Amino acid sequence: MIQIQTEETVTISVDGKSINVPKGLNVIEAMNSVGKEKEVPHYCYHPKLSIAGNCRMCLVEIGTPMRNRETGEAILDEEGAPKIGWIPKPVIGCSTIISEGMHVRTKSPTVLESRNGVTEFLLINHPLDCPICDQAGECRLQEFSAEHGRGYSRFIEDKNVKPKRTRLGPRVTLDDERCILCSRCIRFGQEIVKDDVLGFVDRGSYSTLTCFPGKELSNNYSLNTVDICPVGALTSTDFRFKMRVWFLKRTHSVCTESSVGSNTEIWSREGKIYRITPRRNDAVNDTWMTDSGRGLYKSIESEDRLKAYTMDGLTTDIDSAIQSARALIDLGGVGVLGSAFSSVEEQFLLKNIVDHTKAQFEMVQHLGDGDGLLVSEDRTPNLRGALVNELLNTLPTKCPNLLIKGIEDGVIKTLLVFNEDLSEIGVPLELLKKSVNIIYFGSLRNNTSDQAKIVFPTLSVFEKEGTFVNQNFILQKFNKAVPGPAGLVSDIEVLNRLLLGANDQPGFTHIADLWTKIAESNELLKGISWEKITSEGLMLKQEKFGALNFPETKNLKYKPVAELQAT
Amino acid sequence: MAKTKVMERKPLTFSEKTFIPQIASGLATTFGNMFKKTVTLQYPEERPVIPENYRGIPTLVKDPKGRVKCVSCQLCEFVCPPKAIRINPSEIDGEEDPERAHIEKEPATFDINMLRCIYCGLCQEVCPEEAIFLQDDFSLSGYTREEMVYGKDKLLELGGTLPDRHFKWDKKKLAEESNSGHH
Amino acid sequence: MDFLSYLLPFIYALSMIGVFMTLCAYSVLAERKICSFIQGRVGPNRARIPIIGQIPVLGNILTRLGLFHPAADGLKFLFKEEITPGHVRLTYYYLAPIIALAPALTTMVVLPFGRYVDASGAVQPLVLANIDVGILFILAISSLGVYGIVLAGWASNSKYPFLGAIRSTAQMISYELAMGLSILPVFLWAAAPGSDYGLSLFGVVQSQQGLWLILWQPISALIFLVAIFAETNRLPFDMAESETDLVGGFHTEYGAFKFGIFFVAEYAHIIMGSSLFVLLFLGGWNFLPGLADPWPAGIIGIVMSALWFLLKVCGMIFFFIWVRWSLPRFRYDQVMHLGWKILLPLAIANFVIYIFVIALIDKFIN
């Protein structure tokens, strides 16, 4: 694993051109920082895994200035320039750390010949499965073969036969013939998940990737092996043969599984999501993601999906739904059950509604077990967003006791519920049947939506844009990948129209307009605009919340405050 | 600005100015044409000779053993300029069809919208399995737009069987069974 | 007898209209056939009607010749859906095709198409109304045809028909002048002082018993021919329709039978123009230049003279079609240039010269 320790830079010469790169990088990373044209092809090297150096694809020529052994002075050539002592054979770039004055040749005949040779060897036993291989289109071997392959094979013997269509685990299928033995998946299991189930057996051309006897690749991170596999050996059983990757549109998004907020890429075609993969963000999730987070998109096609505005169980249009909701809110006695699944923007508008109606506000906490990696204890994506929006001052409890009391006392006559199922968080249904009008905002049908007087179906995180604040107070943006059900308007528009009734404020046409309002009124978000939120996210100041006892324990990128102070 | 060359034009003579000689010669030409042989092909009764490599409608072909060749790699769908092709890939059920289980993939549906097709032949050129060919059929008709979207069965029926010397998948199966690849 | 003398003109008129309209229909067929021959095609050869079309060999031949196509075309126009666009001025819109066709049919009243020898031994024309001012009548009435086009263009309330109509009007005025001037020498020639024919067309034909006028007055004939092309809106002067720039010109908004009437009117004008040219310059029913008429006496002679005249007209129709498929269309400014700057001065010069020539001939030869 390459870790940059210092801010220092060193000067190296790449193909005769001097370049400054951070100290401590290996040749592959240094060339990546130079640009795409100097890219060193590689298979086994992965920036977040240890270096194995077994694919031999990243061969480059390395040289250092020659020095006189006795005096230590630089030896100069006829023109007065330092003479370079080239290592007589090419060396692998992944395990060569750059040093001051180092010379690298990435395009010399020797280097190209080496790559061509390695490619030919790799292709000898690689099956011609590209037409049926799911990796086609994002296959490193395919890409580099186009550049360094011969175009035909000199190998006239039969190719190796190895097991195909092997089930490695519930979510991963292995095709051993395609494997180029780079060992990325093995290292991932050993180093990241600490679940050592994969390994090579046999030697030479018999060498085969397999699961250890009696074990299977079933941990919650197994699909990351599919992502890091440079060829089509490991494929996702779920995505297998569903769609070719070149048809899929990629949208940057954020995982909503827990407060970790893994950065994701949503792959969709014509309004249908086909898969979700992690997006590299070294401050949040490195290059990994949970298997459970990848399946979350399936809920948007669920049968329980709410697809129409309803009033008393009857379909209505949005205008009359908003009108009726406004009428109920204007009567007074409003309670609001907010949600940590709502985006920062929705919470901001909700905060305004709460302020204007003097409603009683409460939220609940959703806790689960953390796995110390990318699943934290807080199973909501945006609890800290509510804190930032000042909807909350303290951490919420598991059960909305204040609201229950308000309903029992008859103070609360109208209850706005966001995403929560009241019956699951300890609000007795009989209580609701009594005298409370429920206005429900959520995307899936549940007991509460059945009870609700007015239902506003909301869009899922894949169908709208917005931001979440994750466990480290990083403001992260998610984009719209697919259109929502026909006829639904975005959640912020619904909330804004509700708010407009509460107090005549000018509306907005785009989320960027809303953000200018947010930035004006919120201390922590001052100076931020929608465009300024990069795909890496923005770190917010969190000193204000230091006293809060967040439920998260140590995981991949999070340390509890107590631990931080201890170090 | 580039240098321009001005062409000298010969001034017209008087007879040329009247246009009458030109008109007369034009009339003579057309009159002569009236007695030449006609070039009309009486289409429905007479059919043109379809040359080899003619690009008619795209069809799916079977190999000489009557098996579907397409493995639904979707390259044709990708390359198709008017987006006329729609493929729904699926896995071959190994238990139902053990003969072809090793091919793994086949199209569940394969639709070509013949109203969109522009007969460019890129699908044929790109196909790695030589499964799609533009054959000699060029006259299509239908009463509805839906009718003009040809499905997999219709395309296979139109395509028929073409000679194939490769038998790529058979060789692969043979190697798998004999395990001959392992020295 | 009184009753019969009233009835006969009706019968004559109806049968003449019958012949005329049939001729129109078959000139459409001729147009299609000739153009396809010129272009190396076969032309219409598919329509077949029951009974006649099923006669073993003859039926096939007739079908191949396309002889049933005019009937099919007519039926098609009749049974097509009559579409009236919503933006038209209804009265004028419906009136326009009638006005386009009526003048062409009216002019044939004074058109002599043969000759017979009456009881007194004098040669008389075969004509519905033998009036002294035949040519004036024809010029006056046939020019009304352009009103049909103008009305169609204006009533359609749409830009292409409107442009077509405007062009047609301007063109009509431009060429009417040259045409009128070009036939003056003809009548100077035919209606010499002392002759009793005046402006009658019969007199012109009679004066060509020796040599045809096209030989005496080639320039007049040429100007007249060009002007007739322009008057009938035929290529290369079909500025009013001009598909390439005006879609369909004045009849863009017309369909079905109304369009059919315009279509027939165009051919009616062609036939009228051809007949006129034959009468004025090609000797009418006179046999050949310099030869005495071989028509025998009696009914056979009458029929033969009429048929000979018809043959010449057909020849002219063929010429019209032939020119259409040989020449490209003029540009509009070229049309105007040709009409005003070339044909009109030429016609005036021609007229003046012939005044002197005829005066000199009268003075010294007679």
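Author: Here we go through some of those words, one question at a time.

Author: First, some ground rules: this is a predicted model, where local features need pLDDT of at least 70, side-chain atom pairs count only at pLDDT 80 or more, and totals for chains, interfaces and linings use all residues. Residues are numbered from 1 along each chain as its sequence is written, chains are lettered from A and ligands numbered from 1 in the order in which they are written, and side-chain values use heavy atoms, with hydrogens and water left out.

Reader: Thanks! How many helices and strands are in chain A, and how do you know what counts as one?

Author: Chain A has 15 helices and 24 strands. The C-alpha atoms of chain A fill a box of roughly 90 × 55 × 45 Å along the principal axes.

Reader: What makes C58(A) buried or exposed?

Author: Buried means under 20% relative accessible area, exposed means over 50%, and partly exposed is in between (1.4 Å probe, protein chains only). C58(A) has 1% relative accessibility, so C58(A) counts as buried. In chain A, 54% of the 567 residues count as buried.

Reader: Why are β22(A) and β23(A) called paired strands?

Author: Two strands pair if DSSP finds at least two bridges between them. F468(A) stands opposite Q476(A) in β23(A).

Reader: Which way do the residues of β22(A) point?

Author: G466(A) and F468(A) point one way, T467(A) and V469(A) point the other way, and all are buried. In a regular strand, side chains alternate between the two faces of the sheet.

Reader: What is found between β22(A) and β23(A)?

Author: The two strands form a hairpin with 4 residues between them. F473(A) lies in this loop, and has a positive phi of about 60° although it is not a glycine. The relative accessible area of F473(A) is 1%, so F473(A) is buried.

Reader: Why are β22 and β24 of chain A said to stand at the edges?

Author: The open sheet has 3 strands in the order β22-β23-β24 (chain A), with antiparallel pairing. β22 and β24 (538-539) each have a single partner strand, so one side of each is left without a neighbour in the sheet.

Reader: Which strands make up the open sheet with β13 of chain A?

Author: That sheet has 3 strands in the order β12-β13-β14 (chain A), with antiparallel pairing. β12 (249-254) and β14 (272-278) of chain A are the edge strands, and each pairs on one side only. From one strand to the next, the twist averages 30° (axes are lines fitted to C-alpha atoms, for helices over the stretch in contact, and angles run from 0 to 180 degrees between N-to-C directions). Strand β13 (residues 263-269) is joined to β14(A) by 6 bridges, and the two run antiparallel.

Reader: What makes E130(B) partly exposed?

Author: E130(B) has a relative accessible area of 37%, so it falls in the partly exposed class. E130(B) is in the loop between α4 (122-126) and β4 (132-134) of chain B, and has a positive phi of about 50° although it is not a glycine.

Reader: Where is F237(C), and is it buried or exposed?

Author: F237(C) lies in the loop between α10 (218-231) and α11 (243-246) of chain C. With a relative accessible area of 3%, F237(C) is buried.
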